[in-house]
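Look at the model first, then read the points by topic.

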Amino acid sequence: MKKKVIIIGAVGGGATTASQIRKLDSEIEIILLEKTSYLSYGACGMPYYLGDIIKDRESLFAATPEQLHTKKNIDVRMHHEALKIDRGKKSLLIRDHDRNEDYDETYDYLVLATGASPFIPDIPGIDQIPAFHLRTVEDMDRIKQFLETSKPDSCTIIGGGFIGVEMAENFTHLGMRVNIVERSEHVISNIDEETAKGLQNHITEKGVKLYTNDGLKEVLPENTLKLDSGETLQSDFILLSVGVKPRTQLAKDAGLSVGESGGVVSNEFMQTDDDSIYAVGDIVESIDFVDDTPKQVPLAWPAHRQAYIIAKHVSGDPVPFKGMLGTAIAKVFDLSIASTGLGEKELKEKGYTYQTVVHEGKSHAGYYPDAHNVYVRVHFCPETSKLFGGNVVGGEGVDKQIDILATAIYGGLSVTDLQEIETCYAPPFSSPKGLLNMIGYKAAGLLKKK
């Protein structure tokens, strides 16, 4: 008898899971539910559409419901919301919002790809100012309409994470005066403080005003923002960018475990407590690759890898998910900032003994034009030389350095093994000894002294 899988949520993780399952199994029935009007879109591209870097809105969409149905035989049901899971009957209660009707659909496998929702802080007086968040296409369209109709001169971004600093660049590109208010000691709190210093200097040089160790206390009349520090700012609107929380209510109501990170607990095959129910993407609590502790990472790479893991398991050819490093990068004006693995803050919180090696060099041979400074910071265990993680900031080639470091961690290389990675060299691209080669040599010197 033909098997049936229902996937709840059709953005990155859900739509990719559906496509991967179809690629591996031509017979299984696939039902893809999405409660909104949009599916399979590039959320990471939205800041650049708002900043008028990406001109074509439609280029953000990878597929339409009709394309998934015609090309891949996937039953896509838009404006359909999953209301309740009956694990005993392996049945899902679904609401068709177009017809305003509820119905039941049985499944052999169920995939939870319900994603995450933006965290909205409770700020007194926030209704006195235009306030937005950016998570969905609908959010993006609301902001775009406001920008085009109101033509604001200023914006205050609450939260200096990856999205916050990306939006600061894009709003500045539109000619706005931009403030960033961040509660932590520095922007992008998961990178090291020393790495963040250079980035923050660059941001302020571009005209953005930074308020760190501070928060928005209340909104006063006439678009006045009062910060915790007592300082007041004038702003035409605010963008709330203070993080996300997994949408786990459906899973909780079904009795599935939610872990300490806030995500639905899954095993190495992305199965929840119920063997027939999987979880993918922003909703998942999986494991950290470095130390096997619980980790929840709302990024695109883990979601796409997890989609493949689910598809392989459903099709009867299982491969395990080995964990997440949380490798991430952002373009911030003329610099790029990237991180992977465990940073200094996390290492301290977990009580690890670690050592840090730093190198600053040029993105390519210094005598070749347009070489840019790149700062590399790597953490390792002084007893075993095991790589823990690191971060990189610079004007060129940051993605290359962080990708090499992530590959080295996944490959089980030690910090001194970085000396031996044979990277390509020509003056326009690099130096005879690459930046991470230098990290390896310096680490060997530190270990010899120890």
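Two strands count as paired if DSSP finds at least two bridges between them. This is a predicted model. The points below cover a sheet, a helix pair and one serine.

**The sheet**
- Strand 13 and strand 14 (residues 224–227) pair in the antiparallel sense, over 4 bridges.
- Val219 has Leu225 in strand 14 as its bridge partner.
- An open sheet is formed by 3 strands in the order 13-14-15, with antiparallel pairing.
- Its edge strands are strand 13 (216–220) and strand 15 (232–234), each pairing on one side only.
- On average, neighbouring strands of this sheet are turned by 25° against each other, direction ignored.
- Strands of a sheet pair through backbone hydrogen bonds, either parallel or antiparallel.

**The helix pair**
- Helix 1 (residues 12–24) packs against helix 8 (residues 300–314) at an angle of about 35°. Their axes lie 8 Å apart.
- The crossing of helix 1 and helix 8 is right-handed.
- Helix 1 contributes Gly13, Thr16, Thr17, Gln20, Ile21 and Leu24 to the contact.
- Helix 8 contributes Ala303, His304, Ala307, Tyr308, Ile310, Ala311 and Lys312.
- The residues of this contact divide into 7 nonpolar, 5 polar and 1 charged.

**Ser286**
- Ser286 lies in strand 20 (residues 284–287).
- Is Ser286 buried or exposed? Ser286 is buried, because its relative accessible area is 5% and buried means under 20%.
- Not counting residues up to four places away in sequence, Ser286 touches Ser266, Thr293, Pro294, Lys295, Phe321 and Met324.

Definitions and conventions:
Residues numbered from 1 in each chain as written. Predicted model: local features only at pLDDT ≥ 70, side-chain atom pairs only at ≥ 80, totals over all residues. Heavy atoms only, no water. Axes fitted to C-alpha atoms, helices over the stretch in contact; angles between N-to-C directions. Helix = DSSP H or I, 4+ residues; strand = E, 2+ residues; numbered from the N terminus. Left-handed = near helix turned anticlockwise from the far one by under 90°. Contact = heavy atoms within 4.5 Å. Nonpolar A, V, L, I, M, F, W, Y, C, P; charged D, E, K, R; others polar. Buried < 20%, exposed > 50% of the residue type's maximum accessible area, 1.4 Å probe, protein only.
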